[in-house]
Amino acid sequence: MKLEDLKPGDVLLCPPVPLKRKTKNWIGWAIILLTGGEVSHSAIYCGEKEGEPWIAHSDLRGIIYMTLKDFMDEEPKCYIRRHKDQTELLPVVEAIDTYAGRDNPYPVWNFGVLGLLLLGNLVLNDTLKNKIYYDFALLVGLKIIKIINEHEYPGKDAMTCSQFVSQCYTDAGETYDIKFEKLLLQFKQSNALDNQVSLLDYINTADENEIITDEEVNNVLENEENIVADFISLMKNDMGINRPVEFVSESKLSLVGKKLLFALYEAFAGKKTSSVAEAVDMFSSNRNYFVTPDDLLTNTTNLEDKGSFDKKIFTE
């Protein structure tokens, strides 16, 4: 695509940048590993302001506007999807302004909890019991709980990038709403395949006497870099790790699953719960909450492929 081919309301979908072992910016790669997809980030093109093309997106800084050029310094390649049935998307662009630039935060805990609870849609039972997975789940859970304890978002619209894109189209009205054939992630406690499970399936198997010790917590926090690298290797089926495979109990998985689910409920509801059913019910009816970047790329029925571009779009 050329720069002049872009239209306000276009959806930009970006694959993750190459991963280096020592980087802390591993979320993009974790997203595509958990969804089995190709893209990890999304944004909406807003048109030109003061002669420069702008986008809006949700990232770790919150829901923000930025120039397309600055955006592409961070996301060097984009695929473009455009609404098939609407040639003018002003209502979508207007919906963007209700969220962007209004100090709405990014829900880091959202990605972590969903990814870990729903990983069972993609992997086999033994993978969840692998200690590499358990350590990663505990690492993400501890970080999520820390964020929730340190930050409160009363009245704020905390959304992930793909949830933000989908919500803007929903807010624009029924004729603009993005339609999906399916979603990659389904929030449920059972799967169609007998040999696939998720952390939700283990939530009620905890031994009342079992705990996650302070030693476990400290070990996980002190070894974040290696735990993340090992988890990514596990998901790629490219271990290259010279040590015996360790497995954890279903009870241990249950403890982590409950921590994640209850932390997510508290972040959204503003109150605590000890009921798995109450927490599950709160999320199971919110479609946009479960939209991933790859759903926007491959699973929509009314967004069409309009091409792609990279940073050279500004020099060609």
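Buried means under 20% relative accessible area, exposed means over 50%, and partly exposed lies in between (1.4 Å probe, protein chains only). The views below show a predicted model, in which local features need pLDDT of at least 70, side-chain atom pairs count only at pLDDT 80 or more, and totals for chains, interfaces and linings use all residues. Residues are numbered from 1 along each chain as its sequence is written, and side-chain values use heavy atoms, with hydrogens and water left out.

**View 1. The overall fold has 13 helices and six strands.** Helices (H or I, at least four residues) and strands (E, at least two) are DSSP runs, numbered from the N terminus. Of the 316 residues in the protein, 52% are buried. Contact means heavy atoms within 4.5 Å; among contacts between residues at least 6 apart in sequence, 79% join residues at least 24 apart.

View 2. A disulfide is a pair of cysteine sulfur atoms within 2.5 Å, and the whole structure holds zero of them.

**View 3. C161 is in no disulfide.** For C161, the nearest cysteine sulfur is that of C14, 8.6 Å away. C161 is buried too, at a relative accessible area of 4%.

**View 4. Residues 189-194 have a pLDDT below 50.** pLDDT is the predictor's confidence in each residue, from 0 to 100. The protein averages 80, and 76% of the residues score at least 70. Where pLDDT is low, the predicted coordinates should not be read in detail.
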